[in-house]
Amino acid sequence: GLPILVGLDFEWKPDKRPHDNHPIALMQMACWDTVLIVRTTKCVRLPRWLEAFLEDTDTVKVTASFDVSDKAKLKSSFGWDFDTRARAPFYVDIAEIAKQ
C-alpha cells in the first residue's frame with residue numbers, strides 16, 4: 001500500500017546572537033485526523049518511540065523548509081544525528097517541491 005504521510009515541524013526560541021543555541025522546545029506531528037504536540041523543553045534525549053518514528057521507513061515525514069538548521073538542532077538538542085540515523089528519501093520537503 002501507500003506510505004503514511006505525517007507532517008513534521010520543530011520549534012525553538014530564536015537564536016538571535018552568535019553564541020545562542022536554544023534547543024528544540026516543541027515537536028509537532030500531524031496526519032489526516034490527528035495532531036501530536038510533544039513538548040521537549042527539558043529533554044536531553046529523544047524518547048525511544050520518537051527516535052523510532054523519525055527513523056521509520058513506513059512513514060513519509062512531510063516538512064516545510066527542513067534544512068541544515070533543523071538537522072543541527074536535532075543533534076545539539078538530543079544528540080540525534082539526522083544524516084546517520086534517518087533515511088532521507090522518507091523526508092519530503094514541500095518547499096523544495098514548490099520550487100520545481
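**Strands, helices and charged pairs**

The model is predicted, so its local features require pLDDT of at least 70 and side-chain atom pairs count only at pLDDT 80 or more, while totals for chains, interfaces and linings use all residues. Residues are numbered from 1 along each chain as its sequence is written, and side-chain values rest on heavy atoms, with hydrogens and water left out.

Two strands are said to pair if DSSP finds at least two bridges between them. Helices (H or I, at least four residues) and strands (E, at least two) are DSSP runs, numbered from the N terminus. Strand β4 also pairs in the parallel sense with strand β1 (residues 4–12), over four bridges; here Val6 has Lys61 of β4 as its bridge partner. Strand β4 (residues 59–63) is largely enclosed by the rest of the structure, because four of its five residues are buried. Buried denotes under 20% relative accessible area, exposed over 50%, and partly exposed in between (1.4 Å probe, protein chains only).

Helix α1 contributes Leu50, Glu51, Phe53 and Leu54 as its buried residues. They lie on the same side of α1, because they cover an arc of only 160° around the axis; the arc is that of the directions from the helix axis to the C-beta atoms. The elements against which the buried residues of α1 pack are β1, β2 (24–30), β4, α2, α3 (82–85) and β5.

One of these buried residues of α1, Glu51, carries a charged side chain whose partner is Arg48: the two form a salt bridge with their closest N and O atoms 3.0 Å apart. A salt bridge is a side-chain nitrogen of Lys or Arg within 4 Å of a carboxyl oxygen of Asp or Glu. Because Glu51 and Arg48 are three residues apart in helix α1 (residues 48–55), about one helical turn separates them. Glu51 counts as buried at 3% relative accessibility, whereas Arg48, at 53%, counts as exposed. Both belong to a network of salt bridges that links Arg45, Arg48, Glu51, Glu55 and Arg85.

In total, nine salt bridges are counted by this rule. Among them is that of Glu96 with Lys99, with the closest N and O atoms 3.2 Å apart. These two residues both lie in helix α4 (residues 94–99), three residues apart, about one turn of the helix. Glu96 counts as partly exposed at 41% relative accessibility, and Lys99 is exposed at 65%. Another salt bridge joins Asp81 to Lys75, with the closest N and O atoms 3.8 Å apart; Lys75, at 46% relative accessibility, counts as partly exposed.

Helix α2 (residues 68–78) contains Lys73, which counts as buried because its relative accessibility is 5%. The side chain of Lys73 makes a polar contact with the side chain of Asp15 at 2.6 Å, and reaches the backbone oxygen of His22 at 2.4 Å. A polar contact is a pair of N or O atoms within 3.5 Å; within protein, one must be able to donate a hydrogen and the other to accept it, and residues adjacent in sequence count only if both atoms are side-chain atoms. Apart from its neighbours within four places in sequence, Lys73 is in contact (heavy atoms within 4.5 Å) with Trp12, Asp15, Asn21, His22, Ile24 and Phe78.
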